[in-house]
Amino acid sequence: MGLSRVRAVFFDLDNTLIDTAEASRRGMMEVIKLLQSKYQYREEAKVICDKVQVKLSKECFHPYSTCITDVRTAYWEEAIQETRGGANHRKLAEECYFLWKSTRLQHMTLAEDVKAMLAELRKEVRLLLLTNGDRQTQREKIEACACQDYFDAIVVGGEQKEEKPAPSIFYHCCDLLGVQPGDCVMVGDTLETDIQGGLNAGLKATVWINKSGRVPLTSSPMPHYMVSSVLELPALLQSIDCKVSMSV
């Protein structure tokens, strides 16, 4: 790490600042209720939702050639078909998808202590939101959690030529803020994108949010720092800056 103070912090969004996993779980629970009460899909309701969850976990598409609504409605249609048989499940698939999506967005909120942390940090450093994913999906999340006012810039991977962990998107972020990679810290929950990307771009430090306390594989990218909550970040940044002061 270079001998300069931290000037900018890049934050991941999903499961770093907002609990996307929990919001998605709540969305699935609402769909299960719908399928069981309105359509009498007793055991099949959870099976369908589990199948959709697997399809979402494997999701991979070109951001410029795909409509996310069509893609994700198709997941529901396929899951219903695989579970129930028959044909022409499109209307039910659309009903499930939009209920899941709307419920999920309702639960995507910035906690008050996270808001306070961001507001305090922004008094000292530049803040940038750097999130991978489909443009429409990520912009809807950003709108839902109303986080725009806490950042100096927002970069969505689906709007760029490359996403995390490509160095180019990190260099673009540096350019937006007028800083060098060695001035910046990347904070996120995913080793393969957030941490690997920060390492690829030569950032000052990478901070892995490890809520579950899991031990990374030896083949995984190795973060400079690991914390269990994003709320530990201010104290960590202070310690990084203290090390710089002592070195100087």
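In this predicted model, the crossing of helices H2 and H3 is right-handed. The contact draws on Glu-44, Val-47, Ile-48, Cys-49, Lys-51, Val-52, Lys-55 and Leu-56 from H2, and on Arg-72, Tyr-75, Trp-76, Glu-78, Ala-79, Ile-80, Glu-82, Thr-83 and Arg-84 from H3. By class, these residues comprise nine nonpolar, one polar and seven charged.

**Helix packing**

Two packed helices are described by the angle between their axes and the distance between the axes. The table gives both values for two pairs of helices.

| Helix pair | Angle between axes | Distance between axes |
|---|---|---|
| H2 and H3 | roughly 135° | within 9 Å |
| H7 and H8 | about 75° | 8 Å |

H2 and H3 are therefore oblique to each other. H7 and H8 (residues 191-200) pack at an angle of about 75°, and that makes H7 roughly perpendicular to H8. On the H7 side, the residues that meet H8 are Pro-167, Phe-170 and Tyr-171. Their partners in H8 are Thr-193, Asp-194, Gly-197, Gly-198 and Asn-200. The contact of H7 with H8 divides into three nonpolar, four polar and one charged residues.

**The two faces of H2**

Helix H2 spans residues 42-57, and its buried residues are Ala-45, Ile-48, Cys-49, Val-52, Lys-55 and Leu-56. These residues lie on the same side of H2 because they cover an arc of only 120° around the axis. The face turned away from this buried side carries the exposed residues Glu-43 and Ser-57. The cover over the buried residues of H2 includes helix H1 (20-37), helix H3 (68-84) and helix H4 (90-106). Ile-48, Cys-49, Val-52, Lys-55 and Leu-56 are among the H2 residues that make the contact with H3, and each of these five is also listed as buried.

**The loop between S1 and H1**

The loop between strand S1 (8-11) and H1 contains Ile-18. Asn-15 is found in this loop as well. Ile-18 has a relative accessible area of 1% and is therefore buried. Leaving aside residues up to four places away in sequence, Ile-18 touches Leu-13, Met-108, Thr-109, Leu-110 and Cys-145. Ile-18 and Gln-138 are 120 residues apart along the chain, and their C-alpha atoms are separated by 12 Å.

Asn-15, by contrast, is partly exposed, with a relative accessible area of 22%; the cut-off for a buried residue is under 20%.

**Backbone features**

Most residues other than glycine have a negative phi, and most peptide bonds are trans. Asn-15 is not a glycine, yet it has a positive phi of about 60°. Gln-40, likewise not a glycine, has a positive phi of about 55°. Gln-40 is placed in the loop between H1 and H2. With a relative accessibility of 45%, Gln-40 counts as partly exposed.

The peptide bond that joins Lys-164 and Pro-165 is cis, with omega about 15°. Pro-165 lies in the loop between strand S3 (153-156) and helix H7 (167-177). H7 is the helix whose residues Pro-167, Phe-170 and Tyr-171 meet H8.

Notes:
Residues numbered from 1 in each chain as written. Predicted model: local features only at pLDDT ≥ 70, side-chain atom pairs only at ≥ 80, totals over all residues. Heavy atoms only, no water. Buried < 20%, exposed > 50% of the residue type's maximum accessible area, 1.4 Å probe, protein only. Helix = DSSP H or I, 4+ residues; strand = E, 2+ residues; numbered from the N terminus. Arc of directions from axis to C-beta. Contact = heavy atoms within 4.5 Å. Axes fitted to C-alpha atoms, helices over the stretch in contact; angles between N-to-C directions. Parallel < 35°, antiparallel > 145°, perpendicular 65-115°, else oblique. Left-handed = near helix turned anticlockwise from the far one by under 90°. Nonpolar A, V, L, I, M, F, W, Y, C, P; charged D, E, K, R; others polar.
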